Each structure stands twice: as structure tokens, then as C-alpha cells.
Amino acid sequence: MTSPSTIEQKFVSKPNQLGVVAVGFSGGQCKPGVEAAPTALIASGLLDQLRDDLGYDIHHDNAVHAYEDIMPASDPDHRGMKKPRSVSAVTQRLSQQVYEHAKDGKFVLTLGGDHSIAIGTISGTAKAIRERLGREMAVIWVDAHADINTPEMSPSGNVHGMPMAFLTGLAKEEKKDIFGWIEKEHMVSVRKLVYIGLRDVDRGEKQLLRENGIKAFSMHDVDKYGIGRVVEMALAYIGNDTPIHLSFDVDALDPQFAPSTGTPVRGGLTLREGDFIAECVHETGSLVAMDLVEVNPNLETLGASETIRAGCSLVRSALGDTLL
Ligand SMILES: [Mn+2]
């Protein structure tokens, strides 16, 4: 029996239509395997559940995109960034794919892939929401990491640690084939960004968050206030008249619940706390898009299926599944 969400949706004109983009890309970091996540998530029944249990019409091209046709032949480091042209090309294409769904008034679900793909997803929804509704969108970034390093600040050079820097314009690049395609219309204001779950933030990032007054709830805040109050404060900060893009890195969850991910950090959210965030964001009626990233089914033989199950649960919760 299907039980669609009863929440009235404010910013998607076709609330029972779900655009899905499956991104099998791992070039924003160095560990192979994260490109296998969309196939694993879909094989475990995620899209069937969204259709059969939650009543969504799924718009998916039945492809897991690896974007091999647009990979540059040569991709030397630039400003310390690894594989800058590859990540740029993939995210530019992805931006267009997400934009097409969002422009049409559908929810957009993107299955990654490493977190660099958020450059594509968020730029795509931000542009579509500006055009369709004349509004700026907010981003809720649920993650152990802030992913807001500028190339010069980044200790690793992996672009999956930089997406929010490019999306807010804190990092800029002129070269069109290295994120120079990101225009104002693709960007998100630092005032519309909220973090939840942080616990492994680089020195430079801490300074950047402070200097720009970026709203961030770390695990310290979750411990202090409880997840209920944290989510309440996060949503109050965004306000109820702003479309929300939820970018969920599975490493926000404690490794106990999501062990199979590239950069696990102890002391994270429980699965229920993760689901709770997603449920509350759905309840706002303001959600327009969600990313699920950094599930890496190849890293842990034992923990892979658990991590995939956790990922599916987060997506279902964000799309309106309820416990009762
Ligand atoms: Mn991340």
C-alpha cells in the first residue's frame, strides 16, 4: 500500500514527481569504490521503495553516469587541486541534469558519488529556483566535515573537501574548464548555509566559518542541546519561506551506523538522529532537492550493506516516510 507524504510542499510544483540522477563518480577524492554507490543503493531497492511505498513517479534515465565521454585526456593539478578539470566537467554536466528536473518543478534526488558532486547539484537547483521562483535557496549540509576549503587552504587537494567554497564564491577560478563556469546564478549565500554534525573541521575552515558568520551546529551542539533543538534552531535560522537543498554526507553518521565511507570520524550522529534531521526537513514543506553522498560499498566488507541501508533510510525520511 502506498502512503504518500501528507505534507504540503511549498516550492515544488509537482510534489509527487521525483527526478533522480545517479552519479558514479569518485574523482573528488582518492579512494576507489564510492562510484559504485548508486548501483548498490538502487539494487537494494531504494527507487522501488520510493515508488511503491511513498507513491513517487520516478524520472530516472536508468543510467549510472560515469561521464567517461567528457573526461579530459590530461588533468594535471591546479592550485593544489587534484583532478580539477575532471571534477569541473562532471559537475558542470550534472548541474545541467539537476537543473532540468528542478526547473520542471520536481523534487531532485542525486545519488553520489563523492561530495564534490554537490558543486553540480547545488548549482543546478540554485539556478532553477532563482528562475522558477525568483528566490535564493538555502543549503543544509549534514556532514562530519565542512567541505569549505579553498584550494589554497586544503590540506589534501581533494575537491570533495572544497565544494562549499566554490558554491559560496569564497573560492573563485577564472579558467572555464576549472569551475570558472560557476556564475552568480549558481551560487548560494553564506547566510543561507547551515551545517549540522560537524566534528572534523580544518583550521582554515574554522576561521572561514567564523569570519563569514556561517551557521554551524557541531556534534558539541548536538550533545548540548539534543538533536531536536538543533534542528529547530537550524530551520528557524533558514525561515519558512526559503527553499531547501539538503546535502547529506553519510559520514555525518557515526561509523557504528555507516562504516563504509571514505573519511569516517568517530563521535557522529546516530542513524535515528540522521533520519530525524531528514524527517524534519521534509516536514517543513520547503525541500526541493537532496544529495546522498560518500557511501562507499567497497571499503568495508561487513559494513557495506549496513551503510547502504542507512543511506536508503535517510533518503526515504527526507522524501516523506514516517515512523507512524
Ligand atoms: Mn562531505
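Predicted model: local features only at pLDDT ≥ 70, side-chain atom pairs only at ≥ 80, totals over all residues.
The protein contains 11 helices and nine strands. Its radius of gyration is 18 Å, close to the 20 Å that the globule rule gives for 324 residues, so the protein is as compact as a globular protein of that length. Along the principal axes, the C-alpha atoms fill a box of roughly 55 × 45 × 45 Å. Of the 324 residues, 56% are buried. Among contacts between residues at least 6 apart in sequence, 75% join residues at least 24 apart.

Helix α3 (residues 84-103) packs against helix α4 (residues 118-133) at an angle of about 35 degrees, and the two axes are 7 Å apart. This crossing is right-handed. Residues of α3 that take part in the contact include Val90, Leu94, Val98, Tyr99 and Ala102, while α4 contributes, among others, Ile119, Gly120, Gly124, Ala128 and Ile129. By class, the contact of α3 with α4 comprises eight nonpolar, 10 polar and four charged residues.

On the α10 side, the contact is formed by Leu271, Gly274, Asp275, Ala278, Glu279, Val281 and His282, which meet Ala310, Ser313, Leu314, Ser317 and Ala318 of α11. The residues of the contact of α10 with α11 divide into six nonpolar, four polar and two charged.

Note on methods
Residues numbered from 1 in each chain as written. Axes fitted to C-alpha atoms, helices over the stretch in contact; angles between N-to-C directions. Helix = DSSP H or I, 4+ residues; strand = E, 2+ residues; numbered from the N terminus. Left-handed = near helix turned anticlockwise from the far one by under 90°. Contact = placed C-beta atoms within 7 Å. Nonpolar A, V, L, I, M, F, W, Y, C, P; charged D, E, K, R; others polar. Rg over C-alpha atoms; globule rule 2.2 N^0.38 Å. Buried ≥ 20, exposed ≤ 12 C-beta atoms within 10 Å, placed from the backbone.
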